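Here's a quick briefing to read alongside the picture.

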Amino acid sequence: MSKKPIEPFRIKVTEPISLPSEEERLAKIEEAGYNIFRVKAEDIFIDLLTDSGTGAMSQHQWAGMMLGDESYACGRNWYHFEATIKNIFQKRFVLPCHQGRVAENILFSTILKPGDFVPNNTHFDTTRANTMHKGGVAVDLPCPELDDETSDFPFKGNIDTEALSALIKKVGPERVPVVVMTVTNNSVGGLPVSMANIKEVRQICDQHNIRFFFDAARFGENAYFIKKHESGFEDRTVKSIAQEMCAYADGVMMSAKKDGLANMGGFLAVNDEDLAGQLKELLILIEGFPTYGGLNGRDLEAISIGLQEVLNEDYLAYRTGQIEYFGMLLQQAGCPIVSPTGGHAVFIDAGKLLPQIEPAHFPGQSMTVEFYRRGGVRVVEIGSLMFGGEDPNTGEILSPKKELVRLAVPRRMYTNTQLEYVAEIAGEIVKDREKLRGYKITQEPQFLRHFTCTMKEMVGNPAKVPSD
Ligand code: F0G
């Protein structure tokens, strides 16, 4: 049984939030075409849509913002940013950009040819979309332990190294320009990868002369799980574990909106000088001069401080402890969850909870709408809406293995009481689960449809919210 985690900080600034009435909630979600991304943030009570860019900054970060140097070239914050990243991520060349998907776009525009394969433990949606946008084939190779619900293996975020070797053999190493490891593995539950798995991927990449990159959005949380669960690391500092992880990779792309503890930012960091030169050309074209890359000087400073703060072990114990506690509350409320819990979110298995709704009618979406209707809570579907549909390159109909709902917890922002409220709403949904119905898409774009599509509830759906 998890203990209630205690926040290793006190709150200095507050931001008011309020719960819209039930009538307002029903109207707002309908107006938004039942797409929670389209609901105004001010109409949300507890926002668990994402842990990306939503966290609270520390007093040191806010103080650092005042030291922002907004010179166009070679401002002082850039040198702090560059030195911090070189030190933690162990790379020679650093390229700032304004968020993670730009790092993906710049990397894949530079190294991918149409028809190339990109293996990943599991692609995040933007990583997959950027791969496909360049004509690449995004291949997910999660480890076999992931499907074993009885296993308490702590590193279910691992890549399946046998499947990786088999894929390289099948398509030929010349068609695999990079192997990507997502740390932690967001889409399967924010689950970590082990150092042993990272080392094995390094060896496979060396055998075939293939680049190895991290998608390092949550590298600090991953390093903490290695310290907690992988033998030989218990007495090491999380920072030294993070440095070792990164030293095995040729490059890193990172969204600093997660473990950068900042509201905006990202970067690429690589060892290969020629590659760095090519990436820099595109960076200048689309983001800006290479010492700011689409960011303000003050943002560079906030990230430099955030990347160091995230490796604080009291913080990481609280962070992962809060997620574990939240997972326990949701389980007690009757929700089947992805277990063990990962570093940034709890994932509810909506496919299991709502067997009456077929994947094609988005059980996770149904639950997402219900969280808002009942409690003003915003969560996100990670299932057939996000990852299904037609592959624009191959025409293949994609279907994810699970229909999940993600409750991502912003860093240092919500108290345990607020999460207890969300678990109560989940309990109400569980009680009324038989009333929930599926959804149909009424309008969708070609890429990343879940962000902007509109939907309607299937006919005959009562799913009425009981009055307050
Ligand atoms: N890679 C991973 C593993 C991510 O989780 C994200 C973003 C990105 C790349 C893209 O970064 O948003 O800065 O462009 N994930 C957010 C989420 C949006 O909600 O999980 P970005």
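Predicted model: local features only at pLDDT ≥ 70, side-chain atom pairs only at ≥ 80, totals over all residues.

Residues are numbered from 1 along each chain as its sequence is written, and side-chain values use heavy atoms, with hydrogens and water left out.

- The protein chain splits into domain 1 (22–51 + 313–464) and domain 2 (59–309), with bounds that come from an automatic or database domain assignment.
- Taken over C-alpha atoms, the centres of domain 1 and domain 2 are 26 Å apart.
- At the meeting place, 33 residues of domain 1 are in contact with 39 residues of domain 2, where contact means heavy atoms within 4.5 Å.
- The size of an interface is often given as the accessible area lost when the parts come together.
- Here domain 1 and domain 2 bury about 2800 Å² between them, 57% of it on carbon and sulfur atoms; buried area is the accessible area (1.4 Å probe) that two parts lose on being put together, summed over both.
- Nine salt bridges turn up across the interface of domain 1 and domain 2; a salt bridge is a side-chain nitrogen of Lys or Arg within 4 Å of a carboxyl oxygen of Asp or Glu.
- The same interface has 15 residue pairs in polar contact, both at pLDDT 80 or more. A polar contact is a pair of N or O atoms within 3.5 Å; within protein, one must be able to donate a hydrogen and the other to accept it, and residues adjacent in sequence count only if both atoms are side-chain atoms.
- On the side of domain 1 that touches domain 2, the elements giving two or more residues are helix 12 (313–332), strand 9 (345–349), helix 15 (384–387), strand 14 (404–408) and helix 17. Helices (H or I, at least four residues) and strands (E, at least two) are DSSP runs, numbered from the N terminus.
- Helix 12 gives the largest share of that side, six residues.

**Salt bridges**

- The structure holds 28 salt bridges.
- One of them pairs the side chains of R218 and D51, at 2.9 Å from N to O. R218 sits in the loop between strand 6 (211–215) and helix 8 (219–229) and D51 in the loop between strand 1 (46–47) and helix 2 (59–65), so this pair ties together parts that are 167 residues apart in sequence.
- Both R218 and D51 are buried; buried means under 20% relative accessible area, exposed over 50%, and partly exposed in between (1.4 Å probe, protein chains only).
- R202 forms a salt bridge with D206, the closest N and O atoms being 2.9 Å apart. Both lie in helix 7, four residues apart, about one turn of the helix.
- The side chain of R202 also meets that of D250 in a salt bridge (3.2 Å, N to O). D250 lies in the loop between helix 9 (238–247) and strand 7 (251–255), so its pairing with R202 in helix 7 links parts that are 48 residues apart in sequence.
- R202 counts as buried at 13% relative accessibility, whereas D250 is partly exposed at 25%.
- A network of salt bridges links E370, R373, R374, E428, D432, K435 and E457.
- Within helix 14 (residues 363–375) you'll find R374, which is buried with a relative accessible area of 6%.

- Most residues other than glycine have a negative phi, and most peptide bonds are trans.
- The peptide bond from V183 to T184 is cis, with omega near -15 degrees, and T184 is in the loop between strand 5 (178–182) and helix 7 (195–208).
- Another cis peptide bond joins S339 and P340, with omega about 0 degrees; P340 is in the loop between helix 12 and strand 9.
- Q90 has a positive phi, near 60 degrees, and is partly exposed at 35% relative accessibility.
- F362 also has a positive phi, near 60 degrees, but F362 is buried, with a relative accessible area of 5%.
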